[in-house]
Every structure is written in C-alpha cells, then in structure tokens.
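This report describes selected local features of one protein model. It takes up aromatic contacts, a helix pair and several loop residues in turn.

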Amino acid sequence: MRVGERKIVDFHCDALSKMQEMPDIVFKDDHRLDVTAKRMAEGDVALQCFAIYLSSKRGRPRFGDVLGQIDHYRSSITGLGGLQWLRWKEDTTNIGKDALRWGMLSLEGVDGLEGNLFYAQLCFELGVRFMGVTWNYANWAADGVLEQRNGGFTEKGRKLVEWCNGSGMLMDVSHLSPAGFWELAELSNRPFIASHSNAAAICNHPRNLTDEQISALIAMDGRIGLTFVPWFVREGGEATSEELFRHIEHICSLGGEKQIMFGSDFDGIDAWVKGLEHSGKYSDFAELLLRHFPEDSVKSWLFDNAMTYLGCHLPSKPIQS
C-alpha cells in the first residue's frame with residue numbers, strides 16, 4: 001500500500017464545535033484545529049465525519065445552534081475549505097478515486113432538536129446523515145452512558161427511532177446508555193454504529209463497549225470507530241498509538257475484523273495519543289499498522305469497512321422528476 005493509496009475515513013471529530021466558539025478559525029490550515037484541510041491531505045484522509053456538538057458552555061441547547069454549525073460546515077468546510085459533501089450512497093463510489101477530500105455531517109446528541117421531529121427532518125434535508133441520540137447524560141430522548149439510572153428511550157425517543165427508520169437517518173450509539181443500546185438493537189431496522197468507542201475489556205471506561213455490545217454490532221454488521229481519546233485507550237490516561245493494537249486484536253478475536261474503523265474524536269479532546277495528535281498523523285499510523293498487520297486488514301480498517309457500510313446504508317439520491 002503505497003503513499004497516496006492509504007485512503008482513510010475518520011468517523012468523528014468536533015471541529016464544528018470549536019469553529020462555533022471561535023468564528024475566526026480558518027478550516028484550511030488553522031493551528032487551533034486538529035482537523036484541517038491541510039492536515040487531511042497530509043494524512044491521506046479521504047472522508048471526515050464532522051459532528052454537530054452543542055457545548056454546555058452555550059447554555060440550553062437550541063435548534064438555532066444546530067443550524068449555526070451546519071452553516072459553518074456549509075460555508076467554511078465544504079465552501080471555502082474545499083471539501084465535497086457526502087449525502088447519498090451513490091456518491092460513495094467517488095470517494096478515494098482522486099485527490100478530492102470529502103466531509104459528512106453527524107449530530108452528537110439530539111438535545112438541540114428540542115423534542116421536535118420536524119427539526120430532525122430539517123437536519124436530514126440539510127444534509128445530516130448520522131444521529132447520536134445522547135451525549136453522556138439524559139435528554140428528552142434517552143439516557144446517556146454516565147446517567148446512573150441507566151434508563152433507555154423515552155416515548156418521544158422511541159418516536160425518534162421510528163422516524164429514523166423511515167427517513168434514512170443512520171444511528172450512532174457512542175454515548176448511549178447500555179439500556180438504550182439494547183433497546184435500539186430491538187427498535188432499529190438498520191445496523192447502527194459506535195462512531196468513537198473502544199473495547200471495555202482492554203480499557204474499562206464507561207464509554208467503551210462491552211464484549212456483548214461488540215458481538216451485537218458484529219452480528220448486525222454495524223461498525224465500531226476506534227477512538228484516540230487517551231483514557232479510552234489505556235487506563236491511566238497516557239497512551240501511544242501502538243496501544244490501540246490491543247483494542248484491534250480484541251475486536252478481531254470476537255470476529256469483528258470487518259466492523260473496525262476509526263473515529264478519532266480530534267478537536268473534542270485536550271490530550272492526545274502519542275503519535276496521533278492530529279489528522280496529519282494518519283499516514284504515520286497507517287505505516288505503523290502495516291508493520292504489524294496484513295495489508296488487506298489495514299486497508300479494511302482505514303477505509304473499506306466504513307465505505308461498504310455507507311455504500312449499503314446511506315439513503316439513495318432522490319430521482320429528479
């Protein structure tokens with residue numbers, strides 16, 4: 001796998017939240033961002049998923065803040081930033097064939113939808129394609145992973161899942177409570193993903209996935225985006241890129257080689273795995289993986305597994321009348 005052939009997909013970053021807090025940030029090459037257009041090119045990142053995350057610093061989540069981040073994405077990332085916008089499964093065949101870089105939108109926590117399914121529909125029409133139901137705590141739809149009562153979905157939350165089933169909005173269980181995970185496994189008519197979570201058997205953090213959850217994702221042919229949050233990689237907080245290998249090997253031991261992808265959480269962290277400080281480091285990480293694992297496996301984890309999922313489950317482009 002030569003330089004330029006290491007096409008990479010990253011399923012989670014929080015650059016939009018930073019850009020909303022600091023509107024003078026320039027996506028092209030601003031040093032305040034872990035993910036920039038320049039660093040994506042340096043790291044051979046063909047597709048980056050940008051999460052819409054509403055920081056508690058802004059007070060009560062409002063739909064206007066969701067629209068604000070969508071506008072930052074439209075104007076600064078796919079506009080001035082030069083990225084192509086992935087919305088439809090038909091476009092997946094174009095990714096990685098040339099030097100163009102692509103972006104995709106997800107929603108991290110539905111708090112800003114204010115319990116209104118019309119707002120969810122607007123997000124879909126404006127190009128959001130993945131929805132994480134919660135952040136770490138409870139909202140109007142479900143409990144998050146740090147909510148001690150470990151509740152599942154509310155009645156409104158179950159209606160949200162029903163809407164996702166009908167609309168084509170895909171679902172993400174990173175941050176969702178264990179009870180919510182298992183309830184969604186029953187309610188969803190499509191396989192879902194964990195965009196930025198690791199294996200709890202290797203690092204026992206509540207945001208990581210148990211073997212039972214990993215096995216369920218494997219059985220439904222969902223995806224697991226291994227993340228670069230140091231305290232999700234190794235207990236104690238400090239971690240090196242090689243320590244991600246234990247998570248890879250563990251998921252593979254459960255039969256999940258075709259479910260592994262990556263979801264860095266760049267721009268959502270203030271400490272980094274050594275050797276994975278920003279998206280420009282992906283090329284070095286790819287080389288490191290190739291020294292320890294078969295080329296076909298590495299290619300699957302970096303690109304193919306994510307793209308086969310998107311090519312199967314993204315909604316189809318509407319037929320123009």
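## Aromatic contacts

F228, F262, F266, Y282 and F285 together make up one aromatic cluster. Rings of Phe, Tyr and Trp (its six-membered ring) pair if their centres lie within 6.5 Å; planes under 30 degrees apart count as stacked, over 60 as edge-to-face and the rest as tilted. The model is predicted, so local features need pLDDT of at least 70 and side-chain atom pairs count only at pLDDT 80 or more, while totals for chains, interfaces and linings use all residues. Residues are numbered from 1 along each chain as its sequence is written, and side-chain values use heavy atoms, with hydrogens and water left out.

Over the whole structure, 18 aromatic pairs are found. Two of them are set out below.

| Pair | Centre to centre | Angle between planes | Class |
|---|---|---|---|
| F181 and W182 | 4.9 Å | 75 degrees | edge-to-face |
| F262 and F285 | 5.4 Å | 80 degrees | edge-to-face |

F181 is buried at 1% relative accessibility, whereas W182, at 39%, is partly exposed. Here buried means under 20% relative accessible area, exposed over 50%, and partly exposed in between (1.4 Å probe, protein chains only). F262 and F285 are both buried. Because F262 belongs to strand 9 (residues 260-262) and F285 to helix 10 (residues 282-290), their pair ties together parts that are 23 residues apart in sequence. Helices (H or I, at least four residues) and strands (E, at least two) are DSSP runs, numbered from the N terminus.

## Helix 4 against helix 5

Helix 4 (residues 117-125) and helix 5 (residues 155-167) have axes that come within 11 Å and cross at roughly 30 degrees. The two helices are therefore roughly parallel to each other. Angles under 35 degrees count as roughly parallel, over 145 as roughly antiparallel, 65 to 115 as roughly perpendicular and the rest as oblique. Axes are lines fitted to C-alpha atoms, for helices over the stretch in contact, and angles run from 0 to 180 degrees between N-to-C directions.

On the helix 4 side the contact is made by L117, A120, Q121 and F124, and on the helix 5 side by K159, L160, W163 and S167. Contact means heavy atoms within 4.5 Å. By class, this contact has 5 nonpolar, 2 polar and 1 charged residues. Ala, Val, Leu, Ile, Met, Phe, Trp, Tyr, Cys and Pro count as nonpolar, Asp, Glu, Lys and Arg as charged, and the others, Gly among them, as polar.

G43 is buried, with a relative accessible area of 0%. Leaving aside neighbours within four places in sequence, G43 is in contact with I8, S279, G280, Y282 and S283. G43 and K281, 238 residues apart in sequence, have their C-alpha atoms 5.6 Å apart.

D44 is buried at 12% relative accessible area, and its phi is near 60 degrees, a positive value in a residue other than glycine. H175 also has a positive phi, near 90 degrees. H175 lies in the loop between strand 6 (170-172) and helix 6 (178-187) and counts as buried at 6% relative accessibility.

H250 is in helix 9 (residues 244-253) and is buried at 16% relative accessibility. Not counting residues up to four places away in sequence, H250 touches A199, A201, I202 and D211.
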